[in-house]
Amino acid sequence: MKLTLAGVSHHRAPIELRERVALDLDACRALAAGLDGEAVVLSTCNRTELYLVQEEHAEELAVETLARLAGTRRDDLAAALYRLRDEAAALHLFRVAAGLDSLVPGEGEILGQVRSAFEAGSPGPFLDKLFRQALHVGRRVRLETAINESPASVPSAAAALAQQVFDDLAGRRVLVLGAGKMSEATARNLVSRGADVAVVANRTLAHGEDLARSLGAEALSLDAVAGELEQVDVVVSATSASGHVLERAVVAAALKARKGRPLLLVDLAVPRDLDPAINGLDGCFLYDVDDLEAVVVETMSGRRSEAARAEKLVAAEAERFRQWQAALDVVPTIASL
């Protein structure tokens, strides 16, 4: 049995490409079910990857599938695409599950995302073994190293960026779009630095009310945020919408009433929530997840030694998997003898 991985990630692919291949969990489930053989599709804000186990043409199928999702020719995807097989593919997945391949090394959310992709996929015996070992590796790294103890994370990086822009966040009003884990974590990081979360806007108002209540904020529907743009200093967005939830024209209209006060917008969603054209408006500063990388780099010095320990652990687990896969090739010979 041969393992094939093809994917695009934040290492090579800009957000403009990643958002075109980004899939929610239901879409990952449907795609995996429609592929021949064993298949698991992992899609996060940093990556979209296909793990396949087939006798023939697996790599070609994976590449063609990603090109179709991106709406481009496979040749145009080549610069951003990576393809790995067998032990190299297993090692990559183990590094992903351990948080070593993330924008913020050691971040904890990825382990749950790997588990969800596995549960939504169409694994057989081979991918079942692979993903269960990956989850085991991810848990070991978090238990046996301190890689996730540094405060670096995408939400904390977003809050640090806001503090860099305004120097002092005390009294700065924040509008949060979305009420999921990323929105909540970012909001709480901003509050810890002195900001005031004034409004939480969400597609499902009841869900938004729960987060707003815990933050002492007002809850609104996403359709009602235009009027709030005149009053806030920071907009943080992390919804699961498939298109823009805030367009340039809406922000431009609000700027007239702001009388020159700067507006910081941080888009943590993939696909992006905020129209990139907003960045061209005077007085607006728009950042997306790729822009946060420079902020994250500044916080990484304390994690490097722990990351080295985690890499050794992951490499040992990858060797165990290689030995298991090699044994599979020997079994038919032994049986025939």
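With 337 residues, a compact globule would have a radius of gyration near 20 Å, and the chain, at 22 Å, agrees with this; the radius is taken over C-alpha atoms, and the globule rule is 2.2 Å times the number of residues to the power 0.38. The model is predicted: local features need pLDDT of at least 70, side-chain atom pairs count only at pLDDT 80 or more, and totals for chains, interfaces and linings use all residues. Residues are numbered from 1 along each chain as its sequence is written, and side-chain values use heavy atoms, with hydrogens and water left out.

**The chain as a whole**

- The C-alpha trace spans about 85 × 40 × 35 Å along its principal axes.
- The secondary structure comes to 13 helices and 10 strands, which are DSSP runs numbered from the N terminus (helices: H or I, at least four residues; strands: E, at least two).
- Of the 337 residues, 51% count as buried, where buried means under 20% relative accessible area, exposed over 50% and partly exposed in between (1.4 Å probe, protein chains only).
- Among contacts (heavy atoms within 4.5 Å) between residues at least 6 apart in sequence, 70% join residues at least 24 apart.

**Helix α9**

- Helix α9 covers residues 181–192, and its 12 residues should span 16 Å at 1.5 Å a residue; the end C-alpha atoms are 16 Å apart, which agrees. The expected span is 1.5 Å times one less than the number of residues.
- The buried residues of α9 are Met-182, Ser-183, Thr-186, Ala-187 and Leu-190. Seen down the helix axis, the buried residues fall within an arc of 130°, so they line one face of α9; the arc is that of the directions from the helix axis to the C-beta atoms.
- An α-helix has 3.6 residues a turn, so residues three or four places apart point the same way.
- The face turned away from the buried side of α9 carries the exposed residues Lys-181 and Ser-192.
- The cover over the buried residues of α9 includes helices α6 (109–120), α8 (154–166) and α10 (205–215), together with strands β5 (173–177), β6 (196–202) and β8 (234–237).
- Gly-194, which follows α9, has a positive phi near 105°.

**Thr-145**

- Thr-145 lies in the loop between α7 (125–144) and α8 and is buried, with a relative accessible area of 8%.
- The side chain of Thr-145 reaches the backbone oxygen of Val-141 at 2.6 Å.
- Not counting residues up to four places away in sequence, Thr-145 touches Arg-140, Glu-306, Arg-309 and Ala-310.

Methods
A polar contact is a pair of N or O atoms within 3.5 Å; within protein, one must be able to donate a hydrogen and the other to accept it, and residues adjacent in sequence count only if both atoms are side-chain atoms.
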